Amino acid sequence: MKEENERDMPWICDKCKEKLVLCKVKANYLGGNFEVELMKCPQCHNVFVGEDLALGKMLMVEKELEDK
Ligand SMILES: [Zn+2]
């Protein structure tokens, strides 16, 4: 089925058209240490998070807070 194949396709960075790589990211959240695997662009180091990955969303929020 074509639809299934599309779901398995590797993610591509919109900016660089690079194939994303899976990398382990260490994260601190609520005083705990987590190691999560996220899709990351090897070129611009942009991290992509799946919509259903709640932990990833928390990380994004923390990152935004740190930037301020
Ligand atoms: Zn990129």
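What follows is a short chat about a predicted model of a protein with a zinc ion.

Biologist: What kind of model is this, and how are residues numbered?
Modeller: It is a predicted model, where local features need pLDDT of at least 70, side-chain atom pairs count only at pLDDT 80 or more, and totals for chains, interfaces and linings use all residues. Residues are numbered from 1 along each chain as its sequence is written, and side-chain values use heavy atoms, with hydrogens and water left out.

Biologist: What is the mean pLDDT of the protein?
Modeller: The mean is 74, and 56% of the residues reach 70 or more. pLDDT is the predictor's confidence in each residue, from 0 to 100.

Biologist: Where is confidence lowest, and where is it highest?
Modeller: Helix α1, residues 2-8, is lowest, at a mean of 55. Strand β2, residues 32-40, is highest, at 82. Helices (H or I, at least four residues) and strands (E, at least two) are DSSP runs, numbered from the N terminus. Where pLDDT is low, the predicted coordinates should not be read in detail.

Biologist: On to the metal. Which protein donors does the zinc ion have?
Modeller: C13, C16, C41 and C44, each through SG. They lie 2.2 to 2.4 Å from the zinc ion. Donors are N, O and S atoms within 2.8 Å of the metal (3.2 Å for Na, K and Ca). Water is not among the atoms, so sites may look incomplete.

Biologist: What spacing do the donors follow along the chain?
Modeller: C-x2-C-x24-C-x2-C.

Biologist: Why is the arrangement called tetrahedral?
Modeller: Because the four donor atoms subtend angles of 103 to 111 degrees around the zinc ion. Four donors count as tetrahedral if all angles lie between 85 and 135 degrees.

Biologist: Is C13 buried or exposed?
Modeller: C13 is buried, at 1% relative accessibility. C16 is partly exposed, at 22%. Buried means under 20% relative accessible area, exposed over 50%, and partly exposed in between (1.4 Å probe, protein chains only).

Biologist: New topic. What order do the strands take in the sheet?
Modeller: The order is β1-β2-β3, in an open sheet of three strands with antiparallel pairing. β1 and β3 stand at the edges with a single partner strand each, so one side of each has no neighbour in the sheet. Two strands pair if DSSP finds at least two bridges between them.

Biologist: How many bridges join β1 to β2?
Modeller: Nine. M39 stands opposite F48 in β3.

Biologist: What about the turns? How many residues sit between β1 and β2 in their hairpin?
Modeller: Two, and L30 in that turn has a positive phi of about 50 degrees. The β2 and β3 hairpin has six residues between its strands. There, H45 has a positive phi of about 60 degrees.

Biologist: How many salt bridges does a search of the whole structure find?
Modeller: One. E35 pairs with K24, and their closest N and O atoms are 4.0 Å apart. E35 lies in β2 and K24 in β1, so the pair ties together parts eleven residues apart in sequence. A salt bridge is a side-chain nitrogen of Lys or Arg within 4 Å of a carboxyl oxygen of Asp or Glu.

Biologist: Which of the two is the exposed one?
Modeller: K24 is exposed, at 56% relative accessibility. E35 is partly exposed, at 48%.

Biologist: Last one. Where does W11 lie?
Modeller: W11 is in the loop between α1 and β1. W11 and M39 are 28 residues apart in sequence, and their C-alpha atoms are 7.9 Å apart in space.

Technical notes
Four donors count as tetrahedral if all angles lie between 85 and 135 degrees; four count as square planar and six as octahedral if opposite donors are over 155 degrees apart and all others between 65 and 115; anything else is irregular.
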